[in-house]
Amino acid sequence: ETPAFKTLTYSHVVVTVAEVVPLHAEFTIKGASETVEVKGLIESPVEVESSQVSNIVDTTRMTNLPLLTRNPYELVLLSPGTIQSNTRLGGFAVNGSRERNNNFLLDGTDNNDTSVPGGGGGVISLNPEATQEFRVITNNFLPEYGRNTGAIIDIVTKGGSNEFRGDAYWYGRYNGFGGARDFFNTPPDRQNPYVRNQFGFSFGGPIWKDKTFFIVNNEFQRFRTTLTNNTVVPTDAFKSGVFTYNDAENGPVSVNLANPNDPSNLTGLSLDPTTQKILALYPQQNGAAIDATRGWYYFPSRSAQDVYNLTTRLDHRFTENHNVALRYAYNYFSDPNPSHSEFLPGLDVVSLTSKTHGISANYTALLGTTRVNEFKAGFNR
């Protein structure tokens with residue numbers, strides 16, 4: 001509104017993350033008291049205010065589309081030109097660029113894993129309950145982004161409102177209920193068992209009505225699975241030092257390393273006690289023989305993954321023209337055997353525990369009628 005002119009009102013105007021929405025206001029001189037109100041804005045499917053090529057993923061998609069692990073970053077693959085990479089990083093490539101070249105933002109601040117980039121998400125992971133929406137920009141980035149030549153994935157967390165709202169949820173996936181097999185776990189082998197439980201809650205509302213709002217989301221994951229590992233083990237005869245092997249030219253050859261005086265013992269030494277202790281760690285083969293001295297051994301390899309995900313946000317309106325938003329996120333991951341790396345039961349098991357903290361602050365100020373200033377700061381550890 002402005003003096004001597006009619007009041008012009010826009011309502012139900014949807015503005016998504018990283019989108020420019022033009023509102024062409026035409027004021028007319030006020031005669032009689034009159035208000036013009038436009039409800040609902042018909043949005044063009046093509047963004048005409050910038051040359052960016054992008055795709056928006058909103059709450060509806062995250063809720064309605066199937067997500068095996070409830071990871072919203074998997075929906076990045078809905079964007080044209082985006083494919084799953086075939087490396088161990090598990091990320092995605094956009095328009096032929098490397099997966100390491102993607103730039104992740106969370107509430108407008110940096111969310112990149114600077115140690116090992118290229119994964120399928122940012123250093124701070126979220127779940128659909130804590131995510132409002134995100135935009136995937138695949139080409140012609142605006143100068144405000146920079147940093148990388150891959151995609152820009154800009155995620156916005158949910159905020160509180162003037163009404164108290166909350167929910168609790170629990171998702172489960174179990175092989176006992178007809179869950180699919182792993183690609184490499186084919187019949188007639190027994191199906192590898194797995195149990196996945198994901199549960200949590202969200203709660204938010206006003207601290208000071210029309211001024212201060214909060215929201216908290218907690219999610220827990222419990223994933224248990226057992227895979228069938230295999231390794232090559234020596235036969236009992238080989239461990240005893242008295243065995244027969246097949247020579248390509250001479251056929252079966254008998255060896256007796258336990259007797260220093262046996263003609264087949266070319267070293268003239270007895271069995272080494274240290275080596276015998278090492279060989280004793282190897283169990284008997286329970287699979288097919290490879291040759292006269294080796295065979296396959298199959299054993300279960302168990303993984304127990306625990307994940308904890310916390311996201312909190314506080315919004316405060318100082319005035320109509322000054323707003324601040326504070327967000328804290330915490331991720332915890334623990335698994336005593338995430339990569340099933342053991343070559344024998346209990347040997348060479350590599351455990352993993354990681355903790356991630358992310359803080360961001362966003363201050364928005366309307367400076368007069370023609371200028372907007374936005375200050376953002378973030379810290380990840």
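A: Let's start with what counts as a pair: rings of Phe, Tyr and Trp (its six-membered ring) pair if their centres lie within 6.5 Å, and planes under 30 degrees apart are called stacked, over 60 edge-to-face and the rest tilted. Keep in mind that this is a predicted model, where local features need pLDDT of at least 70 and side-chain atom pairs count only at pLDDT 80 or more, while totals for chains, interfaces and linings use all residues. Residues are numbered from 1 along each chain as its sequence is written, and side-chain values use heavy atoms, with hydrogens and water left out.

By that rule, the structure holds twelve aromatic pairs. One of them is Tyr73 with Phe104, edge-to-face at 5.6 Å centre to centre with 80° between the planes. This pair links distant parts of the chain, 31 residues apart: Tyr73 lies in the loop between helix 1 (59–64) and strand 4 (82–84), and Phe104 belongs to strand 6 (residues 103–106). Helices (H or I, at least four residues) and strands (E, at least two) are DSSP runs, numbered from the N terminus. Both Tyr73 and Phe104 are buried, where buried means under 20% relative accessible area, exposed over 50% and partly exposed in between (1.4 Å probe, protein chains only).

Now for a stacked example. The ring centres of Phe199 and Phe220 are 5.6 Å apart and the planes make 20°, so this pair is stacked. It also links distant parts of the chain, with Phe199 in strand 11 (residues 194–208) and Phe220 in strand 12 (residues 212–234), 21 residues apart. Phe199 is partly exposed at 31% relative accessible area, and Phe220 is partly exposed too, at 23%. Together with Tyr308 and Tyr330, Phe199 and Phe220 make up one aromatic cluster.

A charge sits over a ring if NZ of Lys or CZ of Arg is within 6 Å of the ring centre and within 35 degrees of the ring normal. Arg196 has its charged end over the ring of Phe223, 3.9 Å from the centre. Likewise, the charged end of Lys211 sits over the ring of Trp208, 6.0 Å from its centre.

An open sheet of five strands runs in the order 3-8-9-6-7, with mixed pairing; two strands pair if DSSP finds at least two bridges between them. Strand 3 (53–58) and strand 7 (109–110) are at the edges with a single partner strand each, so one side of each has no neighbour in the sheet. Strand 6 pairs with strand 7 in the antiparallel sense over two bridges, and Leu106 has Thr109 of strand 7 as its bridge partner.

On a 1 Å grid over the protein atoms alone, a cavity is a set of points where a 1.4 Å probe fits but cannot get out, and lining residues have an atom within 4 Å of a point. Grid points are joined across faces, edges and corners, and a volume is the space filled by probe spheres set on the points. The structure holds one cavity of 30 Å³ or more, and the largest cavity has a volume of about 60 Å³. Its lining includes Glu129, Lys158, Ile215, Val216 and Arg313. Strand 12 and strand 15 (294–319) each give at least two residues to that lining.

Notes
On a 1 Å grid over the protein atoms alone, a cavity is a set of points where a 1.4 Å probe fits but cannot get out, and a pocket is an open set with protein on both sides within 12 Å along at least five of seven lines; lining residues have an atom within 4 Å of a point.
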